[in-house]
Amino acid sequence: MKISTPGRICLFGEHQDYLGLPTVAAAISRRISIEGSHRADEQIIIHLPDINGQEIFTLSNASTYVKDRDYFRSTFNVLRRRGFVFSRGLECEVHGNIPINSGTSSSSALIVSWANFLSRNADNPAVISSKELGEIANEAEVLEFGEPGGMMDHYSTAIGHVIYLESTPKIYVEALNPTLGTFVLGDSQQPKDTLGILARCRFGMEAIIKKVTEYDPSFSIFHTPFAQATDYASLLSMDELGLLKANLEDRDLLVEGKKLLQKSATSTQETNDIDVVFGQLLYRHFQNLRDHKRTSTEKINRMVEASIKAGALGGKINGSGGGGCMFMYAPNCAEEVADAIRREGGIPYIITVDEGTKLEQ
């Protein structure tokens, strides 16, 4: 049996899900696959040739974690708690072409593939819905180890295509199904600075919200108009005010972007007009990430600007930031944009929106 799952890019709502705000994400045409079958004993053997690694454990000791982020075992345990039974071992091999540790959700795609593979190979096999696979993967990766993180990565890789996700006041997922052209993903090959970025973008913003709410109890990150941010200038430093404004504008950009994507799914209007506005919204989001949330790097800034000069309609840094990947929307000039990214020292990948986790064979 072979299962594959896509990586993802965040179109709108970057660094906002942990504030309770919605996100829009797209699955991409770079995937991780798991292929294997049952063994006669109780051993679980997972070959990882892409990283020259291997994982081995048994059904009887799967419940004991032996390292941080022990995702292969944690997924087993989550499925067992949901009633799946395993009495035979498994041997499989993992392959992928999603850039690793670059903000494109390679780890979430791996866990979704593993959960999909295991649930189909249990003694009581079942074909689980893509939404439930996303929930299982989130439990195995985030909740099981008490780590920070939302559900965007898990839902978007499991469900695929383009989704809108709300987490407050409850989980709500909507398929948008827009008509989108080609993107170019650019790997800066710079390591991400997830903890440093979170210290500013999450904990710094939470402190700002607390300070503003104590002054004005009617303030809401969900509803307060962008223009009202200047009312709090006396409370905040220029840096804090910039971060507050960036989050309010990014919230509004998502609403505008969602409407545009919904329109593209049904509109008879020239797709080129929609493409141009879509690219502009992506770039405005990038400017906030670059200038106020400070998640970008000089190299990624150069990659973005070189891509614009090469004809890209817009784009942004992707993921936690401080390194990792960016992407550009280039429906008519993907090769030229790929060349521009390459000249700036990045590794380009031409991608399209793709389907979610699936049985390959």
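In the predicted model, helix α2 (residues 106-120) packs against helix α4 (residues 152-159) at an angle of about 55°, and their axes lie 9 Å apart. Axes here are lines fitted to C-alpha atoms, for helices over the stretch in contact, with angles running from 0 to 180 degrees between N-to-C directions. Helix α2 is therefore oblique to α4, a class that takes the angles left over once those under 35 degrees (roughly parallel), over 145 (roughly antiparallel) and 65 to 115 (roughly perpendicular) are set aside. In the contact, defined by heavy atoms within 4.5 Å, Ser108, Ala109 and Val112 of α2 meet Asp153, His154, Thr157 and Ala158 of α4. The residues of this contact of α2 with α4 comprise three nonpolar, three polar and one charged.

The structure holds zero disulfides, a disulfide being a pair of cysteine sulfur atoms within 2.5 Å. Cys10 is in no disulfide, and the nearest cysteine sulfur, that of Cys201, is 12 Å away. For Cys325, the closest cysteine sulfur is that of Cys10, which at 14 Å is too far for a bond. Cys10 counts as buried because its relative accessibility is 0%, where buried means under 20% relative accessible area, exposed over 50% and partly exposed in between (1.4 Å probe, protein chains only). Cys325 is likewise buried, with a relative accessible area of 0%.

Residues are numbered from 1 along each chain as its sequence is written, and side-chain values use heavy atoms, with hydrogens and water left out. Because the model is predicted, local features need pLDDT of at least 70 and side-chain atom pairs count only at pLDDT 80 or more, whereas totals for chains, interfaces and linings use all residues.

Note on methods. Helix = DSSP H or I, 4+ residues; strand = E, 2+ residues; numbered from the N terminus. Nonpolar A, V, L, I, M, F, W, Y, C, P; charged D, E, K, R; others polar.
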